[in-house]
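Me: Could you go through this one with me? I'd like to start with how the terms are set.

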Amino acid sequence: MIRSTHPAHGFVRGKRLTGGGALLWLICLMALALPIPVAAHGGGSSGSHAGIPIPSLTHGEMAVIDPYYGRIVALAVTATDTDETFRRMLNFAQIQRSYCLWGVMPGGISDEESPFNECSHAYLAAAKAVLLQMRTMKDEMVAAGDLVSEIDAALVRNNLSLILCRFSGESFNTADLIRPKLLDIVLHAKSLTTILLALLALAVSMWWTARGLRTKPLAIE
């Protein structure tokens, strides 16, 4: 039996819902991609200090530590002799990085005007604090010490440690997540362009998927 493909029949109506579902998913992803801002502290933190304080780091330190973030976290998540302070700082670093869209936004590290610059300071400051604490831990001190030596050498080699930006003197707190402000993202051309291109690519991919489903050969029984 050949099933009808007339738009009035349920076989095709089910496929048409795929396109609507794709649009709904796109809207949901747009909402998830742009975190909701909270009360200001510097650029977007709540100002709470109920958690664990995290020292600030300079713009130069941030640029050098960024390539080491993955290695720092990889070592930290395998650490066994941890305490609550260490775990909360590590958790803060990982959550805070997700608010920065995992470091993929252009200028998040280098551009002081980027809406993602302050939150990049936050998660890299936490990564630095985690690294320095691992240097005092019995099982991790050797590997952490090697990382610290590499980072110190890179700072000296590039003469970056004293380079400052407006967030260089800002300290952070594990109870105080930094969220990029939606308005700042809209006003920052590189960030807005990156998000729009990603959403456009997603929309095109979903359209091609829906189109492929609509043009499948007739089902024969």
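Reply: A residue counts as buried when its relative accessible area is under 20%, as exposed when over 50%, and as partly exposed in between. Please keep in mind that this is a predicted model.

Me: OK, so is Glu61 buried or exposed?

Reply: Glu61 has a relative accessibility of 15%, and because the limit for buried is under 20%, Glu61 counts as buried.

Me: And which residue does Glu61 form a salt bridge with?

Reply: The partner of Glu61 is Lys128, with the closest N and O atoms 2.9 Å apart. This pair links distant parts of the chain, since Glu61 belongs to helix 2 (residues 59-65) and Lys128 to helix 5 (residues 117-134), 67 residues apart. Lys128 itself is partly exposed, at a relative accessible area of 23%.

Me: How many salt bridges does the structure hold?

Reply: There are 3 salt bridges in the structure. One of them joins Arg71 and Glu150, whose closest N and O atoms are 3.1 Å apart. Arg71 lies in helix 3 (residues 69-77) and Glu150 in helix 6 (residues 141-158), so this pair ties together parts that are 79 residues apart in sequence.

Me: What about Arg88 and Glu84?

Reply: Their side chains meet in a salt bridge at 3.6 Å, N to O. Arg88 and Glu84 are 4 residues apart in helix 4 (residues 84-99), which means that about one helical turn separates them.

Me: Switching topic, which residues make the nonpolar surface patch?

Reply: Leu197, Leu200, Val204, Trp207 and Trp208 make that patch, which is about 550 Å². Val204 is placed in helix 8 (residues 189-214) and is partly exposed, with a relative accessible area of 39%.

Conventions. Residues numbered from 1 in each chain as written. Predicted model: local features only at pLDDT ≥ 70, side-chain atom pairs only at ≥ 80, totals over all residues. Heavy atoms only, no water. Patch = residues over 30% accessible without salt bridge, like charges linked within 9 Å, V, L, I, M, F, W, Y side chains within 5 Å. Areas by Shrake-Rupley, 256 points an atom, 1.4 Å probe, with all protein chains shown as cover. Salt bridge = Lys/Arg side-chain N within 4 Å of Asp/Glu carboxyl O. Helix = DSSP H or I, 4+ residues; strand = E, 2+ residues; numbered from the N terminus. Buried < 20%, exposed > 50% of the residue type's maximum accessible area, 1.4 Å probe, protein only.
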